[in-house]
Amino acid sequence: MNRNGRASQAGSVAPQAGKAPSQARKVAPQAGKVAPQAGKVAPQAGSVAPQAGSVAPQAGSVAPQAGNVAPQAGNVAPQAGNVAPQAGRATPQPRRRTLAAYQPKAAMAQRLLAAQTALDTTLRDPVMLELLAAHGYDTAKILEGQALIAAARARHQQQRDHRGDRIAATDTLAASHAAARAIYQRQVAIARVALRDDRSAAQKLDLAARQRRLAGWLLQAQQFYANALCNAAIVEALERYGVTRPQLEQGQALVAEVMDSHGTKQQRNLVVEASTQARDAAFAALDRWMYAFKTIARIALASQPPMIS
């Protein structure tokens with residue numbers, strides 16, 4: 001029985017072993033199910049290809065953009081080409097600015113400097129000289145302008161010198177007037193006391209109020225000394241109060257100096273007036289010459305062809 005019993009157990013095992021193929025067959029369908037899933041992966045992988053393919057057009061679209069850069073770079077060349085004519089036209093500009101610096105309404109010192117600079121620059125510029133010579137302004141003509149500048153400068157300096165002389169004459173007049181007035185006022189005050197009861201003498205010496213203006217003051221002072229010195233009674237009355245004849249004569253001499261100083265100042269005024277007129281005439285001649293020179297120079301520079309420096 002044991003043998004039979006073991007046989008039955010072994011037999012029972014066989015069916016279990018026989019069941020294994022069915023289980024294996026069940027696994028096969030599951031494995032088969034995996035295949036479709038793997039097949040589904042292929043389309044997904046395939047879908048990647050179009051995406052990768054779509055990158056190509058994008059990369060291709062970059063090429064036109066890169067191609068568009070070339071025309072922009074090409075546009076730079078004409079701009080660079082335009083710079084050359086501008087650089088060529090800029091050559092005469094410093095000359096024009098030098099000529100434009102002279103303005104007839106400017107101060108005299110500025111006009112002298114501007115004119116001298118313009119002509120000196122022209123004489124040192126062969127191109128400018130050649131252009132001006134073709135319009136009648138050669139070196140000799142430019143030197144005429146230089147002479148006018150020198151004349152205007154000399155007249156200007158001379159007028160300033162004469163004005164200095166007039167200032168000196170004015171100071172001399174003021175000093176002499178102060179010295180004469182100090183003595184004269186003291187002597188007039190004493191005369192008013194010494195001759196207070198003599199109306200005739202007071203009238204002769206003009207002992208009334210003093211004139212403030214120089215012309216009136218001079219007339220009063222000259223009258224005082226002239227009439228006092230020619231009248232012995234008046235001199236005697238003044239000597240009793242300490243005013244002697246020599247003192248009167250000294251006062252008269254100081255008044256004469258005031259008169260001389262005034263005459264010198266008036267002469268200086270006339271000299272300054274004449275020198276001012278001469279200076280103004282010299283600058284007017286320079287203005288006329290520079291106007292013609294600037295006009296011709298602008299025409300000459302306008303006819304100059306553009307140059308590339």
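A residue is called buried when its relative accessible area is under 20%, exposed when it is over 50%, and partly exposed in between (1.4 Å probe, protein chains only). At 1% relative accessibility, Tyr225 therefore counts as buried, and at 0% Phe224 does too. The structure is a predicted model, in which local features need pLDDT of at least 70 and side-chain atom pairs count only at pLDDT 80 or more, while totals for chains, interfaces and linings use all residues. Residues are numbered from 1 along each chain as its sequence is written, and side-chain values use heavy atoms, with hydrogens and water left out.

The protein chain has 9 helices and 0 strands, where helices (H or I, at least four residues) and strands (E, at least two) are DSSP runs numbered from the N terminus. Buried residues account for 26% of the 309 residues. Contact is defined as heavy atoms within 4.5 Å. Among contacts between residues at least 6 apart in sequence, 73% join residues at least 24 apart.

A nonpolar core is a set of buried Ala, Val, Leu, Ile, Met, Phe, Trp, Tyr and Cys residues joined through side-chain atoms within 4.5 Å. The largest such core comprises 27 residues, and Leu205, Trp217, Phe224 and Leu248 have the most contacts inside it. Two or more residues are given to this core by each of α5 (139-194), α6 (199-205), α7 (214-229), α8 (232-239) and α9. A second, separate core of 25 residues includes Ala115, Met128, Tyr137 and Met290.

A search of the whole structure finds 7 aromatic pairs. Rings of Phe, Tyr and Trp (its six-membered ring) pair if their centres lie within 6.5 Å; planes under 30 degrees apart count as stacked, over 60 as edge-to-face and the rest as tilted. Phe224 and Tyr225 form an edge-to-face pair, at 5.1 Å centre to centre and 85 degrees between the planes. The pair of Trp289 and Phe293 is stacked, because the ring centres are 5.3 Å apart and the planes lie at 15 degrees. Trp289 and Phe293 are 4 residues apart in helix α9 and so are separated by about one helical turn; both residues are buried. One aromatic cluster is formed by Tyr184, Trp217, Phe224 and Tyr225.

The axes of helix α4 (residues 126-133) and α9 come within 9 Å and cross at roughly 105 degrees. Axes are lines fitted to C-alpha atoms, for helices over the stretch in contact, and angles run from 0 to 180 degrees between N-to-C directions. Angles under 35 degrees count as roughly parallel, over 145 as roughly antiparallel, 65 to 115 as roughly perpendicular and the rest as oblique; α4 and α9 are therefore roughly perpendicular to each other. Met128, Leu131 and Leu132 of α4 make the contact with Phe293, Ile296, Ala297, Ala300 and Leu301 of α9.

Helix α9 (residues 245-302) also contains Asp287. Asp287 is buried, with a relative accessible area of 16%. Leaving aside neighbours within four places in sequence, Asp287 is in contact with Tyr102, Pro104 and Arg111. Asp280 lies in helix α9 as well, but is partly exposed, with a relative accessible area of 36%. Asp280 and Ala152 are 128 residues apart in sequence and 8.3 Å apart in space, C-alpha to C-alpha.
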